[in-house]
Amino acid sequence: MLSRRHFIITTATMFSAPLATSALAQDAVGIEFDEAIEQASPGGNNPWGLHSRFMPQRVAHNPGLTPGNIHVDPTARYLYHIGSDGTAMRYGVAVGRAGLYQPGNFRIQRVVEWPSWTPTANMIAREPHIYAQYAGGVPGGPDNPLGARALYLYAGGRDTYLRIHGTPQPWSIGTSASSGCVRLVNDHVIQLAEQVNPGSRAILHS
């Protein structure tokens, strides 16, 4: 696995200046960043009250990244969906809490609309007061923890139980809040899911 230092150095060379700046100093935003936000979100529509840097924007990336793949930067709390024109769509995310985030290179096997959710046995054992009540599963819907869409991550042909998914808790974006998955605002994960093809890779960096 990449070390955090190696990740910051290499990721800074993969994406445009806004990424390099944010990875090293998360509050450093400027005119270039704000203009890109306006292009991505006309009118600055932000009903969730997100910090402006977590709103979707298109950024440049250096050659060599595979179109269609996803990269997650857990330090800056960004997800990048690589385009075929030298740019990537960047979204703000929430990642796993300390000790629960799982870096790796995964295949996106399924993209599911309004998925159902069942906590894993490990989640129930770790925090029974939270998860035991949901052991029988929760049907898909606006209150489901997986939100509006879920991308199912597989490794070696096996379901890892890791997901890139929506959330009914948009205030968690930009934090370490989950049990290991990567969360986006529901509107943003719908936008992302429409562009993702099963079989693409999701790289969750260290």
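This is a predicted model: local features need pLDDT of at least 70, side-chain atom pairs count only at pLDDT 80 or more; totals for chains, interfaces and linings use all residues.
Both Phe54 and Tyr78 are buried.

**Aromatic rings**

A pair of aromatic rings is described by the distance of the centres and the angle of the planes. The structure holds 2 aromatic pairs, and their values are set out below.

| Ring pair | Distance between centres | Angle between planes | Arrangement |
|---|---|---|---|
| Phe54 and Tyr78 | 6.2 Å | 65° | edge-to-face |
| Tyr78 and Tyr80 | 6.1 Å | 80° | edge-to-face |

Planes over 60 degrees apart count as edge-to-face. The planes of Phe54 and Tyr78 stand at 65°, so this pair belongs to that class. For Tyr78 and Tyr80 the angle is 80°, and therefore that pair is edge-to-face too.

Where do Phe54 and Tyr78 lie along the chain? Phe54 is found in the loop between helix H3 (31-40) and strand E1 (57-60), while Tyr78 is in strand E3 (residues 78-82), so their pairing ties together parts that are 24 residues apart in sequence. Tyr80, like Tyr78, is buried. Through the ring pairs, Phe54, Tyr78 and Tyr80 are linked into a cluster.

Charged side chains also meet aromatic rings. Arg90 lies over the face of Tyr78, at 3.8 Å from the ring centre. Elsewhere, the charged end of Arg110 is placed over the ring of Tyr152, 4.3 Å from its centre.

**The chain as a whole**

The chain contains 6 helices and 11 strands. It has 206 residues, of which 49% are buried. Of the contacts between residues at least 6 apart in sequence, 63% join residues at least 24 apart.

**Two buried strand residues**

Val182 belongs to strand E10 (residues 182-183). Its relative accessible area is 1%, and the limit for a buried residue is under 20%; Val182 is therefore buried. The C-alpha atoms of Val182 and Ile164 are separated by 4.7 Å, although the two residues are 18 residues apart along the chain. When neighbours within four places in sequence are left aside, the residues in contact with Val182 include Val72, Leu79, Val93, Ile164 and Leu204.

Ala202 is located in strand E11 (residues 201-204). This residue counts as buried because its relative accessibility is 0%. Between the C-alpha atoms of Ala202 and Gly104, which are 98 residues apart along the chain, the separation is 8.2 Å. Beyond its neighbours within four places in sequence, Ala202 is in contact with several residues, among them Ile70, Gly104, Phe106, Leu153 and Ile164.

**The largest pocket**

Rolling a probe the size of a water molecule over the atoms shows where empty space is left. The largest pocket has a volume of about 870 Å³. It is lined by 36 residues, and the closest to its centre are Trp117, Met123, Tyr131, Ser179 and Cys181.

Which elements supply at least two residues each to the lining of the largest pocket? They are strand E6 (104-113), helix H4 (121-126), helix H5 (128-131), strand E8 (158-165) and strand E9 (176-178). Strand E8 gives the most, with 5 residues. By class, the lining consists of 18 nonpolar, 12 polar and 6 charged residues.

Notes:
Residues are numbered from 1 along each chain as its sequence is written. Side-chain values use heavy atoms; hydrogens and water are left out. Rings of Phe, Tyr and Trp (its six-membered ring) pair if their centres lie within 6.5 Å; planes under 30 degrees apart count as stacked, over 60 as edge-to-face and the rest as tilted. Helices (H or I, at least four residues) and strands (E, at least two) are DSSP runs, numbered from the N terminus. Buried means under 20% relative accessible area, exposed over 50%, partly exposed in between (1.4 Å probe, protein chains only). A charge sits over a ring if NZ of Lys or CZ of Arg is within 6 Å of the ring centre and within 35 degrees of the ring normal. Contact means heavy atoms within 4.5 Å. On a 1 Å grid over the protein atoms alone, a cavity is a set of points where a 1.4 Å probe fits but cannot get out, and a pocket is an open set with protein on both sides within 12 Å along at least five of seven lines; lining residues have an atom within 4 Å of a point. Grid points are joined across faces, edges and corners, and a volume is the space filled by probe spheres set on the points. Ala, Val, Leu, Ile, Met, Phe, Trp, Tyr, Cys and Pro count as nonpolar, Asp, Glu, Lys and Arg as charged, and the others, Gly among them, as polar.
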